[in-house]
Amino acid sequence: MVLEMPLDVSIRILLIDDVPAIRSMVRSMLTSLGFRRVVEAEDGDQAWETLQESLVSKADRFDLVITDWSMPGLSGAELLRAIRSDPRSQNIPILIVTSHGDGEHLSEAQRAGVTQYLVKPFNTDLLKEQIQKALTKTD
């Protein structure tokens, strides 16, 4: 029997997707899981700016980033590399959400430092599982 750790729903999440309907769907899933501290960004550029602003105050820092892989401007891969290259944000767990489930994209995400990877379409249970894995991963 595997004991499931309860999710810390008080964490602050940055949710990024360039498609408003997808952002809304994921936010609804997060809300149904109990998460209330969700900040949305519509692309990688806006996400990077929001993330940089959040690093000024420890209380405003994000505990998890959930981002789309394919976006105009700063892509999910570029955003991931930027987050990992900044010492202030390099340890934030990052969950990539993508429609690309092939090995090439997964390998690129792993090389860039992704914490977890979730292929669309997905349901709330799978999102919860990947969030739990991202928040408890130590390597």
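A nonpolar core is a set of buried Ala, Val, Leu, Ile, Met, Phe, Trp, Tyr and Cys residues joined through side-chain atoms within 4.5 Å. Buried means under 20% relative accessible area, exposed over 50%, and partly exposed in between (1.4 Å probe, protein chains only).

The model is predicted: local features need pLDDT of at least 70, side-chain atom pairs count only at pLDDT 80 or more, and totals for chains, interfaces and linings use all residues. Residues are numbered from 1 along each chain as its sequence is written, and side-chain values use heavy atoms, with hydrogens and water left out.

**Exercise 1.** Find the residues that touch the most other members of the largest nonpolar core, and the elements behind this core.

Solution. 
- Start with the members: the largest core has 21 residues, and Leu14, Ile16, Val65, Leu80 and Ile96 touch the most other members.
- Next, look at the elements (helices, H or I, of at least four residues and strands, E, of at least two are DSSP runs, numbered from the N terminus). Two or more residues each come from E1, helix H2 (44-54), helix H3 (76-85), strand E4 (94-98) and helix H4 (103-112).
- H3 gives the most, with four residues.
- Now pick out Leu80. Beyond its neighbours within four places in sequence, Leu80 is in contact (heavy atoms within 4.5 Å) with Trp69, Ile94, Ile96, Ala109, Ala112, Gly113 and Val114.
- Finally, look for another core: a second, separate one of 19 residues includes Ile11, Leu33, Phe35 and Ile131.

**Exercise 2.** Trace the network of salt bridges that includes Lys120.

Solution. 
- Recall the term: in a salt bridge, a side-chain nitrogen of Lys or Arg is within 4 Å of a carboxyl oxygen of Asp or Glu. The whole structure has seven salt bridges.
- Take Asp17 and Lys120, whose side chains meet at 3.5 Å, N to O. Asp17 sits in the loop between strand E1 (12-16) and helix H1 (20-32), and Lys120 in the loop between strand E5 (116-119) and helix H5 (124-136), 103 residues apart.
- Check burial: Asp17 is buried at 3%, Asp68 is buried at 5%, and Lys120 is partly exposed at 22%.
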